[in-house]
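Thanks for coming. I will talk through one structure, starting with the ligand and ending with the domains.

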Amino acid sequence: MLRFSTLASLTLGACLALPTAAQAQDDITLGFIVKKPEQAWFINEQDAATQLGEEKGFDVVRLAGEDGQQVLSAIDNLNSQGAQGFVICPPDVRLGPAIMRRAEQYGMKVVTVDDRFVNADGEPMKDVPHLGMSGYKIGQQVGNAIADEMEARGWNPEEVAALRITNYELPTAEKRTDGATEALLERGFHKDNIFDAPQENTDTSSAFSAASPVFSKNGDYEHWVIFALNEESVLGGVRASEQYGLPAEDVIGVGINGSGAAFAEFSREEPTGFHGTVAVSSTMHGRQSAQNLYTWVTEGEKPKANTETSGTLMTRDNWEEVRDELGL
Ligand code: FCA
């Protein structure tokens, strides 16, 4: 009796084990690592990827990678969870080669979102599929939106200064502020009236610190325009202009992203110097990059080397409409 039941349970165990093992082969786990896990843009990207996973039946592990060490631990962590690959917006694009080495050790597939890896020569790592904004074009939209609003307010370009918050270590940031600069110059902005505030990071506090001294050193200008790689940074500039004592009607800040940071600003009772932002669908960025990786893992089809997305100007007047159109 004892023997029979042992045998029976062994047989039963083997039967149960079979489907589990077969299923394990189909189980897909993908990581989604972001450089700024507290920013609405990245929360939304991770949410969208998680949602796609729920629809398609794969797991998404959301991780923070705020510096190189944290990214490498995140990859180790993913490996211990059996992940087949990950989407990443790296904290520093120059970490690309180190990140790829670690991922290759584990046989993981990698796609980048938003910020594209560069190699030791500073060139994009073209063999790692990427999805990101069309930085220069979106920058031009920013410049034109500022120029339109300057005209609407009847400002004389001679009396207008620009606070350009820059981040030249991040190629997409450089393209965005270059695009905005070119558009402004084409629209008659005075080159000598542009003042740089190099930020150390891509967030509001680093922009605020970079911007404050620029206002105090250039007190002669009546009107200011503000642009940067993203709206978080433009908001840092706007907060610095307020602290310096500039009224909202003398400031035109235009950002990029169209995330919760902009919605909160547009929802304030009184308008601020934050005039608008070029909104891009973070929902689409998160969903599409996860989809690309999933297709690669499950069907072996490597995604396109580079996908560039476009944007729509969002202001206090239309932000809810644009938000809904972009599925934000
Ligand atoms: C960069 C910026 C983010 C967002 C993203 C698309 O990573 O830091 O704010 O604009 O590109």
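A polar contact is a pair of N or O atoms within 3.5 Å; within protein, one must be able to donate a hydrogen and the other to accept it, and residues adjacent in sequence count only if both atoms are side-chain atoms. This is a predicted model, where local features need pLDDT of at least 70, side-chain atom pairs count only at pLDDT 80 or more, and totals for chains, interfaces and linings use all residues. Residues are numbered from 1 along each chain as its sequence is written, and side-chain values use heavy atoms, with hydrogens and water left out.

Now the contacts. A side-chain N or O atom of Asn-230 lies 2.9 Å from an oxygen atom of the ligand. For Lys-35, a polar side-chain atom is 2.9 Å from a ligand oxygen, and for Asp-115 the distance is 2.8 Å. The ligand alone exposes 290 Å², and the protein buries 100% of that (accessible areas by the Shrake-Rupley method with a 1.4 Å probe).

What surrounds the ligand? Among the residues around it are Trp-41, Phe-42, Arg-176 and Asn-257, where near means a heavy atom within 4 Å. The shell divides into 5 nonpolar, 3 polar and 4 charged residues; Asp, Glu, Lys and Arg count as charged, Ala, Val, Leu, Ile, Met, Phe, Trp, Tyr, Cys and Pro as nonpolar, and the others, Gly among them, as polar.

Next, the domains. An automatic or database assignment sets the bounds: the chain is divided into domain 1 (29-128 + 282-308) and domain 2 (135-279).
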